[in-house]
Amino acid sequence: MKKNKREFSLNAKNLASANLGQKIRFYRQIAGMTQKDLGIAVGVNESTIRNYELGNRYPDTDTIFDIANALEITPYELSAPNPTSAASSLQYLFDIEKTLDLTPIVIDGKVYLEVSSDIEVDDPTVAPLANLKRMITHWATMYERFINEEIDEETYLLWQAKYMSFGTNEADIIYNAKSEKEIEVDTNLSNAKKRLRKVNLKD
């Protein structure tokens, strides 16, 4: 019988949640380089690398690419997630795999992401907003309503933006809604939808 998951080490989980400086230090040590060595390879002085690792300074995009090249790793491992880039998104999914048990699975040639955690969707011992399986189940429900045109795009986008509150302390109040009218439990939502239609990100 095939396994559907393996436990990651604490080191792997820590790396997934590490900040940029910690990652630079981690991979520099793996490469067997000193801060001075890395500085020479990148074209900056040793103190600059030290400040990057301590979080006192933040390298620009070009420097991140130079550091990654010197450490022989993908720059996406050091960059902030970019949802428009498949490579960057994949790197972020690698981190989620280690911290939240989101794993890939192929069924009949189709690729799915599965929450392989043993936590049940309605586990009462886990806070609703700490249960990824529960939240993705809610997302799937809302997405199905959206593609079936039961709710409009504005409602769907605002639902995503207001996911953690939606005008109430109990997130499940919104998720259990049966119709668009019930989804609008937040009295500010209808006004927000009107404003959303007038806003252009390129303005």
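This is a predicted model: local features need pLDDT of at least 70, side-chain atom pairs count only at pLDDT 80 or more; totals for chains, interfaces and linings use all residues.
D122, at 60%, counts as exposed.

R134 and D122 form a salt bridge, with 3.5 Å between the closest N and O atoms. The bridge links distant parts of the chain: R134 belongs to helix α7 (residues 132-147), while D122 sits in the loop between β2 (110-115) and α7, 12 residues apart.

## Other salt bridges

The structure has five salt bridges. One of them joins the side chains of R28 and E53 at 2.5 Å, N to O. These partners also come from distant parts of the chain, with R28 in helix α2 and E53 in helix α4, 25 residues apart. R28 is buried at 8% relative accessibility, and E53 is buried at 10%.

Within helix α4, R50 and E46 lie four residues apart, about one turn of the helix. Their salt bridge has its closest N and O atoms 3.3 Å apart. R50 is partly exposed at 34%, as is E46 at 33%. A network of salt bridges links K23, E77 and D95.

## Nonpolar cores

The largest nonpolar core contains 15 residues, and those with the most contacts inside it are I24, L38, I67, L71, I73 and L78. At least two core residues come from each of α2 (20-30), α3 (35-42), α4 (46-54) and α5 (61-71). Helix α5 gives the largest share, four residues.

Beyond its neighbours within four places in sequence, I24 contacts L38, Y52, E53, I67, L71 and L78. A second, separate core has six residues, among them M135, M142, Y156 and W159.

Technical notes:
Residues are numbered from 1 along each chain as its sequence is written. Side-chain values use heavy atoms; hydrogens and water are left out. A nonpolar core is a set of buried Ala, Val, Leu, Ile, Met, Phe, Trp, Tyr and Cys residues joined through side-chain atoms within 4.5 Å. Buried means under 20% relative accessible area, exposed over 50%, partly exposed in between (1.4 Å probe, protein chains only). Contact means heavy atoms within 4.5 Å. A salt bridge is a side-chain nitrogen of Lys or Arg within 4 Å of a carboxyl oxygen of Asp or Glu.
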